[in-house]
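Here are my notes on this one, written as numbered points. Keep the picture open while you read.

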Amino acid sequence: MFWLNNAKDEPEKIGLILSGGGARAAYQVGVLKAIADSLPKHSTNPFPIISGTSAGALNATALAIYAEQFREAVWRLVHVWGNFHVDQVFRADFMGISGSMTQWMGTNILGLGRNAREPVALLDRAPLTELISHYLPFENIQRSIDNGYLHGLSVTASNYSTGNSVAFYQGHESIEPWVRANRIGVPTRINQDHLMASSAIPIIFAPQKVGDNYYGDGTMRQRAPTSPALHMGANKLFVIGVKHEAPYSTLVNRTKDYPTLGQIAGHILDSIFLDNVSMDLERLERINKTFSQIPERHIPDDSVTMKKVELLSISPSKDLYGIAERHTDLMPRSVRLLMKSMGASTNLISYLLFEKAFCRELIALGYSDTMERKEEVLKFMNIEPRKIS
């Protein structure tokens with residue numbers, strides 16, 4: 001993708017893009033750990049611009065808060081994700097599940113006791129609220145910006161009232177709000193509500209109120225995941241995806257039976273979480289290729305310059321579907337019964353599989369995938385590898 005820029009000699013600003021994917025976002029932590037282990041010991045945050053969506057927004061915010069010490073920030077993420085249990089994200093006990101299901105059926109099927117101020121969802125995320133408040137001191141975001149360790153952080157959510165994809169951002173005063181087709185950038189002080197909104201998977205988790213409106217998962221209607229980082233000034237993009245590009249023959253042989261409600265729900269989540277990033281990157285690479293074919297004499301040489309945006313993307317080398325399949329029995333019995341009643345497929349369960357064995361395997365995969373491309377990654381980031389004495 002080319003970008004209009006008024007500064008001819010603008011300093012390099014790498015934008016880190018962390019997409020959504022529920023529990024699959026543990027893969028991002030493995031990639032970040034590999035980068036941290038490759039940098040000098042006391043390195044500060046190497047990504048001036050960080051853009052996160054859904055579960056990726058939690059990772060993005062943690063990096064922004066602890067931007068002064070990148071390795072410490074990543075260590076904190078590894079600690080949390082590497083020791084996750086489902087009940088730290090949503091109520092997984094029998095009473096919690098049965099209570100949510102009773103309220104769901106009473107409100108949406110029987111029409112009893114409906115209260116628009118109390119959104120109904122399949123699962124109760126009260127534990128995640130506590131986890132976020134414990135681990136993320138949001139006031140430190142501005143300190144990271146003021147001290148020059150961060151240029152901008154964005155967290156994207158979907159406005160249920162307007163249908164807009166809203167990128168809430170906090171950053172340097174030079175960043176200006178933007179308005180594009182169905183997507184806007186809104187300056188704010190990012191807090192817990194923004195993270196809960198960005199990660200509110202539709203139907204499964206309740207919408208989150210921010211200001212006067214209710215918001216849901218940021219991946220919904222986010223057709224250009226790289227856009228917020230570019231608007232905040234990024235001229236290079238480092239994208240960490242959670243989608244493995246499996247061969248077509250592998251995908252079609254998973255099942256040929258009539259799809260259950262749970263399989264359809266999993267298919268919908270795949271299209272929300274996984275496809276937008278892939279399509280945006282494909283479009284970006286196509287525009288980059290087209291732009292590279294333009295002779296230099298036809299590129300304007302005035303106060304406005306068009307620049308190609310350099311891109312590096314890392315995504316799983318293995319099918320996360322297969323990894324999740326080995327760990328589904330780790331889900332609490334009450335959750336497994338709920339998923340079974342829906343006929344849920346493994347891909348749907350993988351979004352909710354916040355269990356340490358699954359997360360640790362994804363962290364290890366992200367670490368391995370990145371280390372295999374270590375030289376390419378460090379060259380892209382224009383940094384020297386950590387010297388071991």
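1. N182 isn't a glycine, yet its phi is positive, about 65°. Most residues other than glycine have a negative phi. N182 counts as partly exposed because its relative accessibility is 45% (buried is under 20% relative accessible area, exposed over 50%, partly exposed in between, with a 1.4 Å probe and protein chains only).

2. A word on what you're looking at: this is a predicted model, where local features need pLDDT of at least 70, side-chain atom pairs count only at pLDDT 80 or more, and totals for chains, interfaces and linings use all residues. Residues are numbered from 1 along each chain as its sequence is written, and side-chain values use heavy atoms, leaving out hydrogens and water.

3. How confident is the predictor? The pLDDT (its confidence in each residue, from 0 to 100) averages 82 for the protein chain, and 72% of the residues score at least 70. Over residues 1-8, though, the pLDDT is below 50, and this stretch has 35 contacts in the model beyond near neighbours in sequence (a contact means heavy atoms within 4.5 Å).

4. I203 is another one to click on, in the loop between α7 (192-198) and β8 (208-210). I203 has a positive phi of about 70° and is not a glycine. With 54% relative accessibility, I203 counts as exposed.

5. Now for helix pairs. The axes (lines fitted to C-alpha atoms, for helices over the stretch in contact, with angles from 0 to 180 degrees between N-to-C directions) of α1 (residues 26-38) and α3 (residues 70-81) come within 9 Å and cross at roughly 145°. On the α1 side the contact includes V29, L32 and I35, and on the α3 side it includes F70, V74 and W81. Sorted by class, the residues of this α1 and α3 contact are 10 nonpolar, no polar and three charged (Ala, Val, Leu, Ile, Met, Phe, Trp, Tyr, Cys and Pro are nonpolar, Asp, Glu, Lys and Arg charged, and the others, Gly among them, polar).

6. Helix α2 (residues 55-65) packs against helix α6 (residues 139-146) at about 55°, with axes 8 Å apart. The two are therefore oblique to each other (under 35 degrees is roughly parallel, over 145 roughly antiparallel, 65 to 115 roughly perpendicular, and the rest oblique). T61, A64 and I65 of α2 meet N140, I141 and S144 of α6. That contact has three nonpolar, three polar and no charged residues.

Conventions. Helix = DSSP H or I, 4+ residues; strand = E, 2+ residues; numbered from the N terminus. pLDDT = per-residue confidence, 0-100.
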